[in-house]
Amino acid sequence: SVVKKGVDQAGKDMGVTVTYQAPDKFDMVAMSQLIDAAVATKPDGLVVSIPDANALSPSIKKAIAAGIPVISINSGSDVAKQLGVLVHVGQTEYEAGLGGGEKMAAAGVKYALCVNQEVGNAGLDARCKGFTDAMTKAGAKVEVLAVDLANPTDSQQRIQAALQSKPDVDGVLTLGPTGATPALAALKAGNMLSKIKLATFDLSPDVLQAINSGDMLFAIDQQQYLQGYLPIVLLTLYKTNLNTIANDVLMTGPGFVTKDTASRVIDLSKAGTR
C-alpha cells in the first residue's frame with residue numbers, strides 16, 4: 001500500500017496515468033500473466049518487481065522486445081541489468097540483511113532465527129543470507145525457520161515451538177511485518193521478550209508501536225514510498241526528455257527505524273508514506 005501511495009502521488013505530480021496491479025499472493029504464474037496483460041495494452045512504460053527471475057524473465061524480455069521501457073523495483077537488483085531493464089530502484093537485499101545482522105550482533109545476539117515466509121523468493125532468501133553472513137562473521141549462529149503466513153496462528157505456533165526447542169536462541173529476525181506480528185505474539189506468549197531480541201524488515205503500525213514501546217529492537221526500512229514514486233518520475237523523464245540513469249538507484253535502503261525515531265515515523269505512517 002505504501003508503494004502504491006508513492007506510485008499514485010508520482011502519477012499526479014508528473015501528470016501521467018498509472019495503473020497499479022499485483023497478485024493476491026506470492027504467485028509467479030499470476031504475476032507473469034499480469035505483466036503479459038500489461039504489455040498487451042502497449043503502455044509507455046512498465047514497472048516490475050522481480051522476486052523470481054527465472055519465472056518472470058520471459059515476460060519482462062517480451063516487454064523490452066516490444067519497445068516498452070522497463071524499470072524494476074524492490075526485488076531484482078541482481079538481474080535487472082542482464083535483462084535489459086533501464087534501472088533498478090530499491091535496496092540490495094543482501095546488503096540490507098548484512099546491515100541487520102551487524103546491528104543485531106552489536107546488540108549482543110549470539111544465536112538467531114531468520115524467519116522466512118516465502119522460501120524461494122530471491123529477495124527474501126538474500127535478506128536471510130546477508131543476515132547470516134554478518135552474524136557468522138561476528139561469531140554468532142543463525143538458523144532459517146520457514147513459515148507459511150497464510151496461517152498466522154500456525155506461524156506463531158511454529159515460532160514458539162522452535163524457540164522452545166532451541167533455548168539458546170536470543171534473537172529473531174523476520175523478513176516483513178506479516179512475519180513480525182506472529183513472532184511478537186510468540187515471544188509475548190512465552191514471556192520471552194526480555195530474553196530474545198526481535199527485529200524485522202519493513203514497517204507496519206504494529207511494528208512501529210513495538211519499536212516505540214521497546215518490544216522490538218529495530219526495523220530495516222527500504223522506504224517503499226520512494227520505490228513507488230521514483231520509477232514513475234524516471235519513466236516520465238525518459239519518455240519526454242530521453243533522460244537515463246547510469247547506475248541503479250540503490251538509495252531507498254537500508255535505513256533503520258529504532259526507538260529514537262519510531263514516534264516520528266508513526267506519524268508519517270498514518271499519512272501512508274512510511
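Two aromatic pairs are counted in the predicted model. Rings of Phe, Tyr and Trp (its six-membered ring) pair if their centres lie within 6.5 Å; planes under 30 degrees apart are stacked, those over 60 edge-to-face and the rest tilted. F218 and F256 form an edge-to-face pair, with 5.6 Å from centre to centre and 80 degrees between the planes. This pair links distant parts of the chain: F218 belongs to strand β8 and F256 to strand β9, 38 residues apart. Helices (H or I, at least four residues) and strands (E, at least two) are DSSP runs, numbered from the N terminus. F218 counts as buried, at 1% relative accessibility. F256, at 31%, counts as partly exposed. Buried means under 20% relative accessible area, exposed over 50%, and partly exposed in between (1.4 Å probe, protein chains only).

The rings of Y225 and Y229 are stacked, because their centres are 6.1 Å apart and their planes stand at 20 degrees. Both residues lie in helix α10, four residues apart, about one turn of the helix. Y229 counts as buried at 18% relative accessibility.

Charges also sit over rings. The criterion is NZ of Lys or CZ of Arg within 6 Å of the ring centre and within 35 degrees of the ring normal. The charged end of K103 sits over the ring of F256, 5.0 Å from its centre. K141 lies over the face of Y111, at 4.7 Å from the ring centre.

Residues are numbered from 1 along each chain as its sequence is written. In this predicted model, local features need pLDDT of at least 70 and side-chain atom pairs count only at pLDDT 80 or more, while totals for chains, interfaces and linings use all residues; side-chain values use heavy atoms, with hydrogens and water left out.

Six strands form an open sheet with mixed pairing, in the order β5-β4-β6-β7-β8-β9. Two strands pair if DSSP finds at least two bridges between them. β5 (141–146) and β9 (255–257) stand at the edges with a single partner strand each, so one side of each lacks a neighbour in the sheet. Neighbouring strands are turned by 20 degrees against each other on average, direction ignored. β7 (residues 197–201) and β8 (residues 218–221) pair in the parallel sense over three bridges. There, F201 stands opposite I220 in β8.

Contact means heavy atoms within 4.5 Å. Axes are lines fitted to C-alpha atoms, for helices over the stretch in contact; angles run from 0 to 180 degrees between N-to-C directions.

A second open sheet has three strands in the order β1-β2-β3, with parallel pairing. β1 (46–49) and β3 (87–89) are its edge strands, each pairing on one side only. The twist averages 30 degrees from one strand to the next. β2 and β3 pair over three bridges, and I71 stands opposite V87 in β3. α10 lies across β1, β2 and β3, running at about 155 degrees to β3.

In helix α1, V2, V3, G6, V7, A10 and G11 are buried. The buried residues of α1 pack against β2 (70–73) and α10 (224–241). Just after α1, G15 takes a positive phi of about 70 degrees.
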